[in-house]
Amino acid sequence: MDFDVIIVGAGPGGYVAAIRASQLGLKTAIVEREALGGVCLNWGCIPTKALLKSGEVFEQLHHLADYGLAADKPRFDFAKVVERSRKVAGQLNSGVGFLMRKHKIEVIEGTARLEKGTPAPKVVIAQKRGGERTLQAKHVILATGARARTLPQIGLEPDGDRVWSYREAMVPKAAPKSLIVIGSGAIGIEFASFYRALGAEVMVVEALPRILPVEDEEVSTAARKAFERRGLKFRIGATVKKLTKSKTGVAVEIETGGKTETLEAERAIVAVGIVGNVEDLGLEALGVKIEKTHVVTDAHGATGVPGLYAIGDVAGPPWLAHKASHEGVHCVEHIAGQPPKNLNAPIPGCTYANPQIASVGLTEAAAKAAGRKVKVGRFAFRANGKAIAAGETEGFVKTLFDAETGALIGAHMIGAEVTEMIQGYALAMTLEATEAELHATVFPHPTMSEAMHESALDAYGLVLHA
Amino acid sequence: MTDILMPALSPTMEEGTLAKWLVKKGDTVSAGDVIAEIETDKATMEVEAVDEGVVEEILVEAGAEGVKVNAPIARLSGGTETKAPEPKPAETAEPEAPAKAEAKSETPAKAEPAPAKAPPAKAKDGERIFASPLARRIAEQKGLDLAAITGSGPHGRIIERDVKDAKPGAKAAVTAAAMPTGRRGETRPVQSLQQMGIPEGSYDLIPLDGMRKTVARRMTDSFRDVPHFPLTIDLEIDRLLEARGRINTMLEKDGVKVSVNDIILKACAVALKRVPEANASYSPEGIALHHHADIAMAVAVEGGLITPIIRKCETKGLAQIAQETKDLAERARTRKLKPEEFQGGTFSVSNLGMFGIKSFGSIINEPQGAILSVGAGTKQPVVRGDQLAIATVMSVTMTCDHRVVDGATGARWLEAFKALIEEPLAMMV
């Protein structure tokens with residue numbers, strides 16, 4: 001037996017699982033074909049946050065007068081914006097390398113595939129440095145992640161030049177003057193927000209009737225208005241018929257309610273969803289069950305194939321780094337025979353556009369569809385002292401309580417820094433707080449988080465500042 | 001300042017009675033000095049100081065019952081840390097009991113161990129119940145008694161799913177294996193005697209002491225959770241009685257007297273070596289087959305019973321067994337047994353023969369796989385061939401944990417045991 005656990009994929013699911021395994025005294029190896037930290041750290045969450053910060057600061061420069069400030073005409077150096085983003089990713093990538101060494105986790109650079117073995121499938125690695133290495137472990141955890149969905153038949157396929165996925169969109173040579181973003185999920189909206197902040201004409205195309213379709217409808221509506229104020233344009237309920245490339249850019253033919261229209265721009269970003277990385281791993285031969293490009297698992301990540309587990313994006317939505325980490329830790333603890341800590345942890349979701357959007361738990365529509373009677377609280381940041389002082393009065397906090405038990409079952413926020421606040425509600429939900437605990441909690445003044453308190457009060461008709 | 005904490009004198013000890021202080025406020029103590037006596041579940045133990053210093057405060061008065069393990073009982077000057085004579089994980093610390101006791105002490109301590117906060121839900125015995133706010137509310141709405149519910153959250157916390165589908169008066173369905181911390185035995189809601197039609201004043205109430213609580217808890221847990229079944233067999237013990245007479249004649253000069261029960265203990269041990277499947281314990285991980293026959297013998301003591309153990313009984317001669325049982329029984333009655341002398345054991349023997357009981361079935365002493373109940377030996381008519389004869393017959397009942405000892409296994413063990421009792425010479429073979 002070479003290892004207790006081999007983890008395939010060193011993204012935020014895999015590498016966190018590896019650290020937890022090492023903490024539990026398991027001899028652990030991790031296989032990565034590209035870069036430690038995975039998409040999240042190298043091509044996703046982290047470098048986009050660096051870009052978005054540049055965009056946000058630049059946008060602020062246009063509002064200096066609001067704060068009694070003045071500066072010469074603001075400019076940006078796009079190459080340096082991208083360079084900073086890459087530097088941030090690079091720093092964190094080497095940080096993961098340090099963590100692997102610290103926890104004595106063997107990092108194997110190469111591409112893994114699985115073969116039949118006992119007690120778990122064998123891991124055969126085509127090593128980057130050459131040669132093949134076959135390893136047997138007691139447990140194998142697949143954490144291979146996911147990638148952007150493409151639709152080549154209608155031209156929705158990145159070409160690295162005029163048509164981008166998130167990956168190309170992160171490192172272009174120059175900022176486009178005009179851009180079509182196809183898909184208004186978190187990824188599409190973040191890039192739309194970033195390039196708009198840098199002055200591009202941006203059109204977002206969404207097939208569903210509203211943007212950010214997984215969010216609460218009130219938040220979607222408010223977000224669209226906020227983005228439109230910043231000059232973003234939207235085509236909602238619009239189906240992409242075809243994307244064609246010209247010498248100067250792209251043309252996207254869309255159909256909205258029977259009407260056909262052709263949009264033109266320098267560049268297009270394809271953000272129409274995610275597919276799991278399940279190919280070329282030998283999963284079919286092992287009999288691993290795959291549905292809609294994702295590995296089917298039980299609550300602990302077990303695939304049904306002895307000794308084989310799957311966590312994170314490859315095991316299905318929501319495609320979020322913190323969900324992957326949570327599953328990775330849970331899976332490893334399960335392997336080590338520990339009781340589950342929190343199988344049904346509420347998983348917050350964040351979109352780092354300007355303004356930010358954050359949510360946890362059920363949307364109002366989902367709660368009602370589930371037959372639950374809800375009490376709804378709302379509080380707008382325009383009535384919050386800190387928000388007024390900061391000039392960040394956009395947005396609101398919406399809370400949902402089960403009318404019968406008082407359990408907090410959902411929270412939806414839009415506004416400045418709401419992504420830093422949502423964990424307050426996530427903690428409340430994890431501790432199974434009711435409105436009574438939220439009402440009794442002291443929120444510091446002056447902070448935007450007071451709106452979280454007021455929203456919970458509002459749900460019970462007790463709001464103080466509205 | 002150093003707080004002296006209530007020590008855990010055994011792994012299962014949860015609380016104890018502070019029987020006696022041997023020091024008083026202002027006394028100087030050195031490490032190793034005996035400072036108090038504590039009555040645990042089953043024994044009286046001495047508490048030694050681990051640090052030197054001056055006794056600044058006695059926080060729990062002598063005679064205080066139900067003092068939780070790790071609760072501060074006294075305070076020494078000097079040092080800043082809190083030290084328990086035998087530190088246990090902090091999760092068992094319960095500062096409520098000393099707070100109660102403290103109210104009686106003359107000078108209140110500077111730092112109150114348990115400031116009065118919003119009262120948490122209390123079980124009957126005052127232990128805090130850990131439950132999420134949502135679980136509390138649902139329980140209240142449904143009229144559920146949280147004390148009757150087993151939590152499945154972190155550290156046994158009661159969470160929504162434990163109460164969501166529970167019905168009033170019913171225990172939440174949670175498998176024992178899934179529970180990180182078991183609180184079995186405290187889970188049944190208990191009606192008061194009044195509610196059950198016995199008027200107050202019509203009886204005297206004897207408070208539950210540590211031993212009674214332990215007996216109640218362990219027997220309830222075992223009888224509820226272990227699938228018991230009895231196997232009864234008659235043994236002729238004339239040869240055994242005869243052998244005992246000769247052995248005792250031999251040992252007379254040493255002042256040792258072997259009882260019938262000593263021979264039964266020895267025979268049990270030898271039979272367990274011959275049928276090792278009966279020397280077993282159930283655990284979720286698997287069935288433990290014990291290497292030695294550690295035979296626990298039930299000893300009735302004032303206010304309860306205790307089961308001291310003859311370790312590796314199969315390796316010991318009757319003279320040694322006789323001496324050990326005498327010593328253990330005496331010390332059991334004066335509550336001077338050390339925890340390791342009555343905890344563990346792989347098989348138990350309970351003998352009520354001296355009271356004329358013909359036969360009975362005992363409750364298994366977890367985690368043991370079986371217990372032997374020994375009845376009285378009486379002269380009875382027996383049929384030999386087609387002739388009536390008279391023999392001294394003793395009835396024994398083996399109660400088995402069906403998870404580890406099946407009927408056929410139990411029967412094979414009784415067969416081996418019978419052969420040894422009916423022909424004691426066979427123990428030498």
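Which residue in E23(A) stands opposite Phe379(A)? In this predicted model, the residue that stands opposite Phe379(A) in E23(A) is Val397(A).

**View 1. An open sheet of five strands in chain A, with a helix packed on it.** The strands of this sheet follow the order E20-E21-E24-E23-E22 in chain A, and their pairing is antiparallel. Strand E20 (349–351) and strand E22 (374–380) of chain A form the edges, each of them pairing on one side only. On average, and with direction ignored, neighbouring strands of the sheet are turned by 10° against each other. The pairing of E22(A) with strand E23 (residues 396–402) of chain A runs in the antiparallel sense over seven bridges, and it is in E23(A) that Val397(A) stands opposite Phe379(A). Helix H14 (residues 450–458) of chain A packs on the sheet, where it touches E22 and E23 of chain A, and its direction makes about 140° with that of E22(A).

**View 2. The packing of helices H1 and H9 of chain A.** Helix H1 (residues 14–23) and H9(A) pack at an angle of about 35°, their axes being 8 Å apart, and the crossing of H1(A) and H9(A) is right-handed. From H1(A), the residues Gly14(A), Val16(A), Ala17(A), Arg20(A) and Ala21(A) take part, and they meet Ser325(A), Gly328(A), Val329(A), Cys331(A), Val332(A) and Glu333(A) in H9(A). Sorted by class, the contact of H1(A) with H9(A) comprises six nonpolar, three polar and two charged residues.

View 3. Pro318(A) counts as partly exposed because it has 14 C-beta neighbours inside 10 Å, a number between the limits of 12 or fewer for exposed and 20 or more for buried. When its neighbours within four places in sequence are left aside, Pro318(A) is in contact with Lys323(A), Ile347(A) and Gly349(A). Pro348(A), which is 30 residues apart from Pro318(A) in sequence, is 9.8 Å apart from it in space, C-alpha to C-alpha.

**View 4. The largest nonpolar core and the surroundings of Ile182(A).** This core has 154 residues, and those with the most contacts inside it are Ala17(A), Ile180(A) and Ile182(A). Helix H6 (residues 186–197) of chain A contributes the largest share of the core, eight residues. Not counting residues up to four places away in sequence, Ile182(A) touches Leu156(A), Val205(A), Val240(A), Ala268(A), Ile269(A), Val270(A), Ala271(A) and Val272(A). Another core, of 52 residues, lies apart from the largest one and includes Ile264(B), Leu272(B), Tyr282(B) and Trp413(B).

Terms used. Residues numbered from 1 in each chain as written. Chains lettered and ligands numbered in written order. Predicted model: local features only at pLDDT ≥ 70, side-chain atom pairs only at ≥ 80, totals over all residues. Contact = placed C-beta atoms within 7 Å. Axes fitted to C-alpha atoms, helices over the stretch in contact; angles between N-to-C directions. Helix = DSSP H or I, 4+ residues; strand = E, 2+ residues; numbered from the N terminus. Left-handed = near helix turned anticlockwise from the far one by under 90°. Nonpolar A, V, L, I, M, F, W, Y, C, P; charged D, E, K, R; others polar. Pairing = 2+ DSSP bridges. Core = buried A, V, L, I, M, F, W, Y, C linked by C-beta atoms within 7 Å.
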